[in-house]
Amino acid sequence: MTILVTGGAGFIGSNFVLDWLVQSDEKVINLDALTYAGNLENLVSLDGDARHFFVKGDIGDFDLLAKLLAEHQPRAVVNFAAESHVDRSIHGPEDFIQTNIVGTFRLLEAVRAFYGQLEETAKNEFRLLHVSTDEVYGSLAADAPAFTETHQYEPNSPYSASKAASDHLVRAYHHTYSLPVLTTNCSNNYGPYHFPEKLIPLVIHNALAGKPLPIYGDGQQIRDWLYVKDHCSAIRRVLEAGCLGETYNVGGWNEKPNLEVVHTLCAILDELSPRADGQLYKEQITYVTDRPGHDRRYAIDATKIERELGWKPAETFETGIRKTVQWYLDNQAWVANVTSGAYREWLGKQYGETK
Ligand code: NAD
Ligand code: DAU
């Protein structure tokens with residue numbers, strides 16, 4: 001048996017592929033365009049493993065997808081491939097439209113053509129799981145209940161609007177063409193192989209490098225954090241038991257203001273890798289101009305996936321964040337490699353010396 005994973009060299013996709021191959025003997029076809037966010041280094045532990053077949057390519061390439069699907073006859077497709085960083089979508093939305101909307105559309109078209117030719121048994125088993133985000137729901141007021149799956153879509157950034165469009169296309173392909181789809185909408189992930197442009201890995205990286213820790217606005221924006229391995233286990237569970245055409249919110253009930261997250265990271269670093277000058281890492285905190293259109297609060301109500309599919313996260317924020325800091329301390333070479341070259345140039349252009 002085989003599954004096709006897109007975006008499997010990125011943060012969540014690579015964690016998913018690594019976990020999948022620990023838990024299953026099924027082959028993984030890993031299609032990834034290797035943008036700045038995709039790193040084959042995430043997958044070096046699979047070198048020589050015949051169950052992992054990497055293909056460099058774009059989800060917008062219909063012919064390539066058609067060829068891969070025909071050749072490998074996967075029983076499922078899991079779509080992680082996307083442009084994922086909100087700040088980049090504000091500075092340059094075009095790539096987000098191209099990959100997240102047009103790319104998802106082409107993937108759906110290729111899967112629809114493939115699915116149409118399957119025998120009845122294979123048709124019954126086949127699934128397309130689309131990985132999406134809680135940001136499609138927009139921003140919550142401080143006292144509003146957490147997002148459920150029936151919350152209206154109100155995306156506020158080019159990133160979240162492009163993800164919302166992709167979710168709608170996936171939904172439409174189920175409704176119109178009976179494509180067997182599942183969608184997951186997850187909260188903020190953190191953990192190994194997280195690219196150091198996102199808050200948690202950026203703060204760890206900058207702290208150790210003696211650089212400012214940039215806090216947008218007042219730092220009281222709230223995000224709902226989930227350890228990446230728990231997101232991966234949720235996706236596996238939805239693939240296994242989710243109802244076709246349904247969406248599942250994924251989260252760990254871990255709402256935290258950004259400033260609290262940064263203070264936690266600083267305290268763990270003070271303990272595990274204290275500054276040579278005896279000062280505390282929190283002294284590097286620097287307030288910077290807020291992100292335009294910055295969503296104030298996200299929070300996921302994970303009742304549906306817990307009740308209907310019996311999924312629960314294994315990590316609390318406290319255990320997961322400690323593991324994450326330790327991983328970055330142990331993997332400084334990975335950080336140095338992925339933060340060199342084009343990435344540094346880009347950050348320099350956007351933010352000058354702040355980052
Ligand atoms: P990421 O940016 O780390 O990785 C994205 C991967 O997709 C990279 O390997 C990149 O090379 C690849 N890619 C980009 N464009 C492509 C294209 N056109 N064709 C093929 N591959 C392409 O992102 P991530 O954080 O791992 O997110 C994965 C998915 O999960 C995304 O769809 C994202 O919207 C969603 N998501 C992320 C989070 C989070 O907190 N990171 C939370 C909820 C949902
Ligand atoms: O909610 C799920 C989403 O979480 C995913 O869909 C996105 O792909 C993922 O990137 C993430 O989006 P956020 O914008 O929430 O993540 P980011 O790490 O960029 O920012 C987290 C919070 O921290 C946000 O409120 C902005 C703030 N921030 C971020 C950076 C990079 C700062 O204060 N300073 C920073 O330098």
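Visitor: Where does Trp 253 lie?
Guide: Trp 253 sits in the loop between β10 (247-250) and β11 (255-257). Keep in mind that this is a predicted model.

Visitor: Why does Trp 253 count as partly exposed?
Guide: Its relative accessibility is 46%. Buried means under 20%, and exposed means over 50%. The value of 46% falls in between, so Trp 253 counts as partly exposed.

Visitor: What is the phi of Trp 253?
Guide: Phi is near 55 degrees, which is positive, and the residue is not a glycine. Most residues other than glycine have a negative phi.

Visitor: Which other residue has a positive phi although it is not a glycine?
Guide: Leu 34 is one of them, with a phi of about 50 degrees. Look for Leu 34 in the loop between β2 (27-32) and β3 (52-56).

Visitor: What makes Leu 34 partly exposed?
Guide: Its relative accessible area is 24%. Buried needs a value under 20%, and exposed needs one over 50%.

Visitor: How do you know whether Ser 45 is buried or exposed?
Guide: Take the relative accessibility of Ser 45, which is 58%. The cut-off for exposed is over 50%. Therefore Ser 45 counts as exposed. Ser 45 also belongs to the loop between β2 and β3.

Visitor: How far apart are the C-alpha atoms of Ser 45 and Thr 148?
Guide: They are separated by 37 Å, and the two residues are 103 apart along the chain.

Visitor: Is Pro 180 buried or exposed, and why?
Guide: Pro 180 has a relative accessible area of 2%. Buried means under 20%, so Pro 180 is buried. Its place is the loop between α6 (158-177) and β6 (181-186).

Visitor: What is Pro 180 in contact with, leaving aside its neighbours within four places in sequence?
Guide: The partners are Tyr 115, Phe 126, Arg 127, Leu 128 and Leu 244. Glu 125 is 55 residues from Pro 180 along the chain, and their C-alpha atoms are separated by 9.0 Å.

Visitor: How do you know whether the span of helix α1 agrees with expectation?
Guide: α1 covers residues 11-23, which makes 13 residues. At 1.5 Å a residue, α1 should span 18 Å. Its end C-alpha atoms are 19 Å apart, so the two values agree.

Visitor: Why is α1 called mostly covered?
Guide: Count its buried residues: 11 of the 13. Buried means under 20% relative accessible area. Among the buried ones are Phe 11, Ile 12, Phe 16, Trp 20 and Leu 21. Their cover includes β1 (2-6), β4 (76-79), β7 (188-190) and α8 (228-241).

Visitor: What does the radius of gyration say about the whole protein?
Guide: The protein has 355 residues, and a compact globule of that length would have a radius near 20 Å. The protein has 20 Å, so it agrees with the rule. The C-alpha trace spans about 65 × 50 × 40 Å along its principal axes.

Visitor: How many helices and strands are there, and what share of residues is buried?
Guide: There are 13 helices and 12 strands. Of the 355 residues, 55% count as buried.

Visitor: What share of contacts joins residues at least 24 apart?
Guide: The share is 81%, taken among contacts between residues at least 6 apart in sequence.

Notes: Residues numbered from 1 in each chain as written. Chains lettered and ligands numbered in written order. Predicted model: local features only at pLDDT ≥ 70, side-chain atom pairs only at ≥ 80, totals over all residues. Heavy atoms only, no water. Helix = DSSP H or I, 4+ residues; strand = E, 2+ residues; numbered from the N terminus. Rg over C-alpha atoms; globule rule 2.2 N^0.38 Å. Buried < 20%, exposed > 50% of the residue type's maximum accessible area, 1.4 Å probe, protein only. Contact = heavy atoms within 4.5 Å. Expected span 1.5 Å × (residues − 1).
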